[in-house]
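Please brief me on this structure.

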Amino acid sequence: MHNFKKILKTFLVLFVCITLLTGLDLALYPCTFMRNDVHSVTTRQYDDIIVGTSHGKMDIDPEVMEGITGRTGHNICVGGEYGIDVYYLTKLIHEKQKPKRIIYEIDPGYFVTEKEEGNNYLLFFHEFPFSKAKLEYFWNSIAKCNFRTVLFPWYEYSLSYELPKIKETFTRKVTKNYDISHLKSDSQEYHESGFIERYAVDVTKLKKTEPKLYKEGKVNEENMKYLKKLISYCKENQIEFVAVTTPIPIDTLRDYSDNYNAAWKYFGEFFEKQDVEYLNFNTQYFKAFTHDLKAFTDYDGHMNGDAARAYSKVLAEFLK
């Protein structure tokens, strides 16, 4: 009897702790655009899924592409999205629907750097519905994080910013409200298709910053491992796989020509060996779209909305 009471107390304590942590998560973890993205790709059927980094997020508009190709699509790119994230996002999507094509926007700098700890670790995983992909993702990625990332996912976000929005955040989650009106700022806005439109800027006032650069001989083996796993997974499941590198401003290409030339050579050879189509708009398709800084909002290569829509038409023509 005494042992039974101890076990019961233990379960009660665990229940209270789990309930408290769940409540805090509902109230304090913000409603990010990734919440909308994951909800869309797990509840609707799309022909094309666009994955990759912030270049893909701001440069590729699925709605514009649909007008050319006739294929539905959703953009689930985001800054900080590494190969391991793309792999498990793809597995999750394939569990919930049957996409015909994965379009992977390739930023070479992401293959020589390691995924940084922080809210980007949870940005994707946190929104996964319960699934086989989520369990595998947790074991191979999230379990290696700082314990606070797992138990207190909101700790990476500013409480001074999130506390005033507790009621709104809690209500959105409980009522399953996926309205996108709050995903808009003075500089950009999120679209239902997953595309983020950046507003045009005065390029004469832009300051140069060093992008994530590819370094010859410094490729991160884990990043490449998950890229290979993704390609194999797509082939095994009859999903077309296309790799794309979006245009970069000519000023940046000149400043870091050695890094970019090495990157183009490496990935060109890699995708050729993998028998994968690689559309690089900085090499063989250089003349297909402008590299003038006026089309961008920074030197890194994030386009303004008008340029992104124009580029999406060009990309769609190649894919069609």
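**Briefing**

Tyr104, Phe111, Tyr214, Phe241, Tyr266, Phe267, Phe270, Phe271 and Tyr278 form one aromatic cluster. Rings of Phe, Tyr and Trp (its six-membered ring) pair if their centres lie within 6.5 Å; planes under 30 degrees apart count as stacked, over 60 as edge-to-face and the rest as tilted. This is a predicted model: local features need pLDDT of at least 70, side-chain atom pairs count only at pLDDT 80 or more, and totals for chains, interfaces and linings use all residues. Residues are numbered from 1 along each chain as its sequence is written, and side-chain values use heavy atoms, with hydrogens and water left out.

**Aromatic pairs**

- A search of the whole structure finds 25 aromatic pairs.
- Tyrosine 104 and phenylalanine 111 have ring centres 6.5 Å apart and planes at 45 degrees, so this pair is tilted.
- Tyrosine 104 and phenylalanine 111 are both buried (buried means under 20% relative accessible area, exposed over 50%, partly exposed in between, with a 1.4 Å probe and protein chains only).
- Phenylalanine 128 and tyrosine 137 form another tilted pair, at 5.2 Å centre to centre and 45 degrees between the planes.
- Phenylalanine 128 is buried at 3% relative accessibility, and tyrosine 137 is buried at 0%.

**Helix 2 against helix 5**

- Helix 2 spans residues 33-43 and helix 5 spans residues 83-96. Helices (H or I, at least four residues) and strands (E, at least two) are DSSP runs, numbered from the N terminus.
- The axes of helix 2 and helix 5 come within 7 Å and cross at roughly 40 degrees. Axes are lines fitted to C-alpha atoms, for helices over the stretch in contact, and angles run from 0 to 180 degrees between N-to-C directions.
- Helix 2 and helix 5 are therefore oblique to each other (under 35 degrees counts as roughly parallel, over 145 as roughly antiparallel, 65 to 115 as roughly perpendicular and the rest as oblique).
- Helix 2 contributes Val38, Val41 and Thr42 to the contact, and helix 5 contributes Leu89, Leu92, Ile93 and Lys96. Contact means heavy atoms within 4.5 Å.

**Two buried residues**

- Lysine 91 sits in helix 5. Lysine 91 is buried, at 15% relative accessible area.
- Beyond residues up to four places away in sequence, lysine 91 touches Ala133, Glu136 and Tyr233.
- Alanine 263 is in helix 13 (residues 257-273). Alanine 263 is buried, at 0% relative accessible area.
- Leaving aside neighbours within four places in sequence, alanine 263 contacts Pro108 and Tyr214.
- Alanine 263 and arginine 101 are 162 residues apart in sequence and 24 Å apart in space, C-alpha to C-alpha.

- Helix 10 (residues 166-174) has Thr169, Arg172 and Lys173 as its buried residues.
- Seen down the axis of helix 10, these residues fall within an arc of 95 degrees, so they line one face of the helix. The arc is that of the directions from the helix axis to the C-beta atoms.
- Lysine 176 follows helix 10 and has a positive phi, near 55 degrees.
- Lysine 176 lies in the loop between helix 10 and strand 4 (188-190), and is exposed at 63% relative accessible area.
- Aspartate 275 has phi near 60 degrees, a positive value in a residue other than glycine.
- Aspartate 275 is in the loop between helix 13 and strand 7 (277-280), and is exposed at 69% relative accessible area.
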